[in-house]
Amino acid sequence: MTRLVQITDTHIQPPGERLYGLVDTSEHLRATIATIRRIRPTPDLVVITGDLVERADAESYAHFLELVSPLEMPVYVLPGNHDEPEMMASLLSHTTCFPVSDDTFQYAVEINGFRMLALNSHAGGSELPELDGEHLDWLKNELPRSDAPTLLAIHHPPMQTGIEFIDMGGSAWYQGLKTVLEGEHNVRLIICGHCHTDLVGRIANVPVYMSGAIAHQLVAARDMDVAPAFAAAPVPPVLHRLVDGEFVSGSYPWPADVEEQRIDRTSNIDWKDLKLQMMGSKAP
Ligand SMILES: [Fe+2]
């Protein structure tokens, strides 16, 4: 059984600073880490899909590491447009969370019967994504090395979302990835962030799960090119669980502190009886 928790876009700043002078992103991440620690069963790993910090500097990354340090399971990170991959490799080299070994700043990990390939869509000097030939060659080289069910983690969504300001990067940047995936059978899911909005889509035959952010949400209009609204609240962590060889994903993983609200307790009906009621005429 694999239980992977994803959070994204934490946008941590040096201690005491608020994002746009408004949002205490540190407090959002601190509370989220406490929530992840209460999830039962304990997740196998946590993946943070980029924009770890608002401004890439040593103080912000040190603060980020301090905030995630209470997590007892393995934690992996990858770069977003706000990060600097080279700086991450240097500042996180004393940890196991960014195990890169070449200048693509990508890596593979295999854990509990599944494989995660962390990609790097960061393009220097722009918030828009990039995945050049060197990055795709790394992926083409890694994919045949294992038959395990595989998840790709990347910061930018490799799909058109139908939201004008999110799609400014066009579709050309992920066509190479699409071609790789069309001949591939082990990749079950792509997870990403970047847009501070929850959305589900697809590239080739692979579902894409884009999680909302920990820092704040951008409430985006559909079919209208208007600036998004700002909502200063985090989303719950997403649980991607490998079930019968396929990933099943969703928010609100079972936390240890909802026992009192269980419907068998609030209704005073035994859980076994409630399940029989659900089965109705199909009950044995
Ligand atoms: Fe972000």
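A residue is called buried when its relative accessible area is under 20%. H11 has 4% relative accessibility, so H11 counts as buried. This is a predicted model, and the values below are computed from it.

**The iron site**

H11 is one of the residues that hold the iron ion. The coordinating atoms are D9 (OD), H11 (NE2), D51 (OD) and H196 (NE2), at 2.1 to 2.3 Å. Angles among the four donor atoms run from 87 to 178°, and the site is irregular. Along the chain, the donors follow the spacing D-x1-H-x39-D-x144-H. H11 sits in the loop between β1 (2-7) and α1, while D51 sits in the loop between β2 (45-48) and α2; the pair therefore ties together parts that are 40 residues apart in sequence.

T10 belongs to the loop between β1 and α1. With 0% relative accessibility, T10 counts as buried.

| Residue | Relative accessibility | Class |
|---|---|---|
| H11 | 4% | buried |
| T10 | 0% | buried |

What does T10 touch, beyond residues up to four places away in sequence? Its contacts are T25, L29, I48, G50, D51, L52, F64, I214 and A215. D51 in that list is also an iron donor.

**Helices α1 and α2**

Two packed helices are described by the angle between their axes and the distance between the axes. Here the axes of α1 (residues 25-38) and α2 (residues 58-68) come within 9 Å and cross at roughly 30°. That angle makes α1 roughly parallel to α2, because angles under 35 degrees count as roughly parallel. From α1, the contact uses S26, L29, R30 and I33; from α2, it uses H63, F64, L67 and V68. By class, five of these residues are nonpolar, two polar and one charged.

L29 and F64 from this contact are also touched by T10.

Which residues of α2 are buried? They are S60, Y61, H63, F64, L65, L67 and V68. These buried residues pack against α1, β2, β3 (75-77) and α3 (85-91).

**Around L218**

L218 is part of strand β10 (residues 217-219). Its C-alpha atom is 5.7 Å from that of P228, 10 residues apart along the chain. Leaving aside neighbours within four places in sequence, L218 contacts F165, C195, H196, T197, P228, A229 and F230. H196 in that list coordinates the iron ion through NE2.

Note on methods. Residues are numbered from 1 along each chain as its sequence is written. This is a predicted model: local features need pLDDT of at least 70, side-chain atom pairs count only at pLDDT 80 or more; totals for chains, interfaces and linings use all residues. Side-chain values use heavy atoms; hydrogens and water are left out. Axes are lines fitted to C-alpha atoms, for helices over the stretch in contact, and angles run from 0 to 180 degrees between N-to-C directions. Helices (H or I, at least four residues) and strands (E, at least two) are DSSP runs, numbered from the N terminus. Angles under 35 degrees count as roughly parallel, over 145 as roughly antiparallel, 65 to 115 as roughly perpendicular and the rest as oblique. Contact means heavy atoms within 4.5 Å. Ala, Val, Leu, Ile, Met, Phe, Trp, Tyr, Cys and Pro count as nonpolar, Asp, Glu, Lys and Arg as charged, and the others, Gly among them, as polar. Donors are N, O and S atoms within 2.8 Å of the metal (3.2 Å for Na, K and Ca); water is not among the atoms, so sites may look incomplete. Four donors count as tetrahedral if all angles lie between 85 and 135 degrees; four count as square planar and six as octahedral if opposite donors are over 155 degrees apart and all others between 65 and 115; anything else is irregular. Buried means under 20% relative accessible area, exposed over 50%, partly exposed in between (1.4 Å probe, protein chains only).
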